[in-house]
Structure formats: structure tokens, C-alpha cells
Amino acid sequence: MLLQGKRAMITGASRGIGKAIAMEFAREGADIILHYYENSKDTTITLKDEAESVAADIRALGRDVHLIGFDIGDRDDIDAKIKTMLKEVTPDVLVNNAGITKDNLVMRMKPEQWDDVINVNLSGSFFLTKALVRPMLRSAGSIIFVASVIGQMGNAGQVNYAASKAGVIGMAKSLARELGSKKVRCNAIAPGFIETEMTAAMAPEAKARLLELVPLKEAGTPDDIAKAALFLASDMSRYITGEVLKVNGGMYM
Ligand SMILES: NC(=O)c1ccc[n+]([C@@H]2O[C@H](COP(=O)([O-])OP(=O)(O)OC[C@H]3O[C@@H](n4cnc5c(N)ncnc54)[C@H](O)[C@@H]3O)[C@@H](O)[C@H]2O)c1
């Protein structure tokens, strides 16, 4: 097993790509810190039930699970919850997966659509990573950012999302340079078009147009991303840092 004896924290792991990564890591021997979306200011926003169900599946594999809920867009909440968490568990692997889209053409984009996407996708990944970097120096760990093909090639109607994901790629490379001497590796995964609830809302014509760009002529699955994350989390990639692994069926080369 590739992650035996490791503890991995995955954000937004109650569904979609994050859930697939958590399950894959658990199958490979890792104990899991399972983050889900909870909003301390608006208590109607909690995905705890969803997360509990994933946690039960992981425990059934014989792994330990630590559940933690916070809003990745709220830096005070991040700091408070991580401080408490670190009294009990410290991750060796961090996967910054949680993310959102709020699409609009630039002329119609509302300031809050820009702010929300940058705040969750870019600033959230930054503040969580910052809160965990020091304790993670103790183990030769691995930090993975889930970016997007859109951060590499751009997309009409997604300036906010593309900027956030291009930012995440720059952050991964800079961190790789900062933390290399401590043997903490930092990489990004740039998924292409993956079937999840995030893409389920797209119009069928928009999906068909995107698939035309994909040489493999099919959408990817959350498990395709989970396999890439496993590679980057494990010693299989011990000499790889600052890399952006495209998992996009050839959509962008
Ligand atoms: N699906 C795709 O085609 C695709 C392509 C490229 C990149 N990605 C990226 O993959 C990641 C996972 O996306 P997915 O497709 O599984 O979508 P998803 O919507 O199923 O999952 C997103 C996760 O992020 C969490 N989240 C959202 N806002 C949050 C907040 N404020 N605080 C805490 N958690 C929050 C959600 O609860 C959910 O668990 C995202 O970063 C997304 O940008 C997805």
C-alpha cells in the first residue's frame, strides 16, 4: 500500500473529486482528515451528514477518520479550526480540493462573483496551507492543489475561475521552491472535464462542445483525478515537485 502510515487531509471531501481522493487514499492505507463545508455564520450550510457517510465508508476499510468542518472562504474559521485540530492530528499530505464556480461574462460579472471565487479557490487554499505548513515540515510531506485546465487555457465566462486556478498553479510552484529544502513537495493537478455535481449543471450542448476538444472523446471521472493525486501524494513521485499534472484526456497539451 502506497500511503501506509500516512495521514492525509482532503478539503471538500464529502462528495465529487474530494471524496474519490479520500477513498483512494484510504484504500492505499492512509488515515484521513476529512474536511467538509460548514459555515459558522450561516449554520444552515453544513455538509456534515454527507461527510459522515464518506467517513463511515473509510472506517469500514479499517482507517482512522478525523472530521473537520469549516468555510474555506473564512480565514478566521480556518485558523480556529486548524488550531484545535492540530492538538489531535497533523497531516503528512494536504490536498487543497474544495472549489466553486460562479460563471458570467466579464461585462456581466458581479463583484461578489469575482470575490467569492477568488476567496474560496485561491485565498482559501493559501490560508489553509499557511496554517498547516509549519507542522507539516516535521514529515517529508506532500501538498497538492487541485487546479483546472481552465487555469491553463482560459474559458469565456470564467475569468474569475481561470484567474483563481492559474493563481493556484503559481502558488504551488512558489511553495515548491520555498519548501523543497525541507523535503515537502508541492504540486498541482489540472483536471479537464470531469463528471461531478459541479459539471452536472452544464447545458448538454455546452458539454458536447467541450467534449469535442477532448482527443479521448469522453469525460474523466473523479477516480481518474484520485489516481493522479495518489501518485503525487506517495513516494512514487519522490523526485517531483513544482509540477502541474494534466488529467484532461488531451484537452489541453
Ligand atoms: N469537475 C470538473 O470538471 C473539474 C475540472 C477541473 C477542476 N475541478 C476542481 O476540482 C475540485 C473539486 O470539484 P468537484 O468537481 O468535485 O465539484 P463539487 O462541487 O462536487 O465539489 C466541491 C467541493 O468543495 C466544497 N466547497 C465549496 N465551497 C466551499 C467552502 N466555501 N468551504 C468549504 N468547502 C467548500 C464542496 O462542499 C464540495 O465538497 C474543485 O476545486 C474544482 O474547481 C473540477
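Modeller: The largest pocket holds about 1200 Å³ of space. A pocket here is an open set of points on a 1 Å grid over the protein atoms alone, with protein on both sides within 12 Å along at least five of seven lines, and lining residues have an atom within 4 Å of a point. Grid points are joined across faces, edges and corners, and a volume is the space filled by probe spheres set on the points. The model is predicted, so local features need pLDDT of at least 70 and side-chain atom pairs count only at pLDDT 80 or more, while totals for chains, interfaces and linings use all residues. Residues are numbered from 1 along each chain as its sequence is written, and side-chain values use heavy atoms, with hydrogens and water left out.

The lining of the largest pocket comprises 47 residues, and those nearest its centre are Gly-99, Ile-100, Thr-101, Tyr-161 and Met-198. Two or more lining residues come from each of H1, E2, H6, H7 and helix H8 (204-212); helices (H or I, at least four residues) and strands (E, at least two) are DSSP runs, numbered from the N terminus. By class, this lining has 24 nonpolar, 16 polar and 7 charged residues. In this division Ala, Val, Leu, Ile, Met, Phe, Trp, Tyr, Cys and Pro count as nonpolar, Asp, Glu, Lys and Arg as charged, and the others, Gly among them, as polar.

The ligand sits in this largest pocket, meaning that more than half of its atoms lie within 2 Å of the pocket's grid points. Around the ligand are 28 residues, of which Arg-15, Asp-71, Asn-97, Tyr-161 and Thr-196 come nearest; a residue is near if one of its heavy atoms lies within 4 Å. This shell divides into 15 nonpolar, 10 polar and 3 charged residues. At least two shell residues come from each of helix H1 (16-27), strand E2 (31-37), helix H6 (159-179) and helix H7 (197-200).

A backbone N or O atom of Ile-194 lies 2.9 Å from a ligand oxygen atom, and for Gly-99 the corresponding distance is 3.4 Å. A backbone N or O atom of Gly-192 likewise lies 3.4 Å from an oxygen atom of the ligand. These are polar contacts, here pairs of N or O atoms within 3.5 Å. The protein buries 95% of the 820 Å² that the ligand exposes when taken alone, with accessible areas from the Shrake-Rupley method and a 1.4 Å probe.

The second largest pocket holds about 330 Å³. Its lining has 17 residues, with Lys-183, Val-184, Arg-185, Arg-238 and Tyr-239 closest to its centre. That lining divides into 7 nonpolar, 4 polar and 6 charged residues.

Note on methods. Polar contact = N/O pair within 3.5 Å; in protein donor to acceptor, adjacent residues only side chain to side chain. 1 Å grid on protein atoms, 1.4 Å probe; cavity = no way out; pocket = protein on both sides within 12 Å on 5 of 7 lines; lining within 4 Å.
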